[in-house]
Amino acid sequence: MDKNSSHRLKRRWLKVAHFIGLFLAMLVICLPGLWIVLSSLRPTVEIMAKPPVWIPRDISLDAYRAMFGGAGQGGIPVWEYFRNSLIISITSTIIALIIGMAGGYAFARYKFKGKSGVFLGFMLTRAVPGIALSLPLFMIFARVGIIDTHFAMILIYVALNVPFTIWLIDGFFRQVPKDLAEAAQIDGCTRWQAFWQVEFPLAGPGIASAGIFAFLTSWNEYALASQITRSVNSKTLPVGLLDYTSEFTIDWRGMCALAVVMIIPALTLTFIIQKHLVSGLTFGAVKG
Amino acid sequence: MAPVTLKKLVKSYGNVDVVHGIDLEVKDREFIALVGPSGCGKSTTLRMIAGLEDISGGVVEIGGKPVNDLPPRARNISMVFQSYALYPHMTVRENMGFSLKIGKIAQAEIDTRVNEAAAILDLDKYMDRRPSQLSGGQRQRVAMGRAIVRKPDVFLFDEPLSNLDAKLRTQVRTEIKRLHARVQATMIYVTHDQVEAMTLSDRIVIMRDGHIEQVGTPEEVFKRPATRFVAGFIGSPPMNLNEATVDNGKLVFAGGQTLPLPAEFRSKVAAGDKVIFGLRPDDIYPTGHGISSGEATDVHEMELPVSITEPLGNETLLFITMAEREWVSRMLNPRPIGAGEVVKFSFDLSQAHLFSPETGKTLRG
């Protein structure tokens, strides 16, 4: 065999190995998700069967029907939970983004006293596990009388997200060359116009990704929500999941169905915005 | 129509002064180059004129009115940045029309002016492209187009050619010169490249360490440098500058070698004075291979060995060792010369300069 064809063969083998590796990795990532979707469609007997039943035999949408019909076991108010989750996540994301943009811009563009100290402080807040704060938060919120309100949850999630959005958005504004805002000012913009006309559109993809992260954090958060929310007034979807467990039984199918309902908006959102995340807009602004 | 005047202009960062009270008058429609090594304060000065940098002291006047407290947009200036600073999310057309759009000019007027500028700069074909789809030279032209469209009183250029390759640089340089002839506006051009400064400008401002060393026409700064720094900065290869002591109508160099004291300076120095002697490579040439630039009344001949040669085709640079220093000579219409060959050199002392070693100023007076 000549050198050429042996190399060609080797390359082909490597390619195959590459695909197998990728397939295994994807399997590990996707299987739990698939299993949830599958479990939401099968009767509990099949879910709990030992050994596991790999190929579903009996598929139905009963769990979803029951869930949205409000007539499932215990009549879980999924719509209310969904509404709460949306209100809390969207509002807290918007507020966190506004603060994050202002803060991130300040960190990226201005020099001020104690800048690195403040920045480090923000990062340190990320090191504190949220659950450690749940008890003091509960006590304070109870005193103030905002337990079980949207406001309380929004407050918590804004606080949780702001350091991260600032950090992320700071990075994106840093990538927008300073020259551009200066050129805009010479072209007749005020500082404010220069920001909105030039710097904001260019940092847009970054701000969008910060928004997604903030939204997902709020949407998925369980630990704090489980303490602060009490009733249908403010319970979010992750907390609502727990409604499927009762003293002696767990409705696995219903739980999985709700989990699917939770995943779908997050997934869709990420899908819509991901196009903007990967646009190399700043290229070509300066020498490149 | 706007002259630009700087009066005692100061820039300091904290306790550090980077521009030390400079005075400069740029006439209306004049092309002036600020040139100097990096860190000399030339870009800072330009940015103060533009309003991008706060003024720590002194006054900037544009069109006779102080503009210290006006924001950049109110100064009616245009600036071409070293990085071009094109808006990456806009097409060439939008980039060029941006200032007019912000100024709420009617769309029809914007279109006419943008198309006019595009025609001048030969950009018609690229109007709907984004900056990322353009080459460096094209981006440079778009940046100039954006500046023209505003019809500003003053154009500011901040090292606009330093990101271009050598060939393109010469080309765009010519374009800038043509542009100046065409738009008839005041232009202030910052560069560290003395060739750009010499070729483009009506007058050159040479800066060092936040001070102005000399202001003059290209010919003045080349022929009559006011300081030793200017002498060494302008001209390529740089002027030969070496220390010498005056002694009885002669200049004595290290190692005892001597040259006659140039006639022009005989009344300016006394025996025992230490001076810096400067002579351009053009004025040291193998006898018969140079053009003496003055009346050649003061030519001194000397035989010296050549240590290295650098042939450039139309000329050859010869490195010679004299007085324990290396001197550069420019040989026109060259013949092959080998290293170590002893050649008879003509020193055209009518073109010589003497500077004070303490102040660096010319002793011409």
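**Close-up 1. Packing of helix 2 against helix 4 in chain B of the predicted model**. The axes of helix 2 (residues 92-102) and helix 4 (residues 136-149) of chain B come within 8 Å and cross at roughly 30 degrees. Because angles under 35 degrees count as roughly parallel, helix 2 and helix 4 of chain B are described as roughly parallel to each other, and their crossing is right-handed. From helix 2 of chain B, the residues B:Val92, B:Asn95, B:Met96, B:Gly97, B:Ser99 and B:Leu100 meet B:Val142, B:Gly145, B:Arg146 and B:Val149 of helix 4 of chain B. By class, this contact has five nonpolar, four polar and one charged residues.

**Close-up 2. The largest nonpolar core and the surroundings of B:Ala33**. Among the 140 residues of the largest nonpolar core, those touching the most other members are B:Ala33, B:Met79, B:Val154, B:Leu156, B:Ile188, B:Tyr189 and B:Val205. The element that gives the most to this core is helix 7 (residues 150-175) of chain A, with 12 residues. Neighbours within four places in sequence left aside, B:Ala33 is in contact with B:Tyr189, B:Thr191, B:Ala197, B:Leu200, B:Ser201, B:Ile204 and B:Val205. A second, separate core of 14 residues includes A:Met67, A:Leu237, A:Leu258 and A:Met262.

**Close-up 3. The side of chain A that touches chain B**. The contact takes 22 residues from chain A and 25 residues from chain B. On the side of chain A, the elements giving two or more residues are helix 8 (178-186) and helix 9 (191-220) of chain A, and helix 8 of chain A supplies the largest share, six residues. The residues on this side of chain A divide into 12 nonpolar, six polar and four charged.

How values were computed: Residues numbered from 1 in each chain as written. Chains lettered and ligands numbered in written order. Predicted model: local features only at pLDDT ≥ 70, side-chain atom pairs only at ≥ 80, totals over all residues. Axes fitted to C-alpha atoms, helices over the stretch in contact; angles between N-to-C directions. Helix = DSSP H or I, 4+ residues; strand = E, 2+ residues; numbered from the N terminus. Parallel < 35°, antiparallel > 145°, perpendicular 65-115°, else oblique. Left-handed = near helix turned anticlockwise from the far one by under 90°. Contact = placed C-beta atoms within 7 Å. Nonpolar A, V, L, I, M, F, W, Y, C, P; charged D, E, K, R; others polar. Core = buried A, V, L, I, M, F, W, Y, C linked by C-beta atoms within 7 Å. Buried ≥ 20, exposed ≤ 12 C-beta atoms within 10 Å, placed from the backbone.
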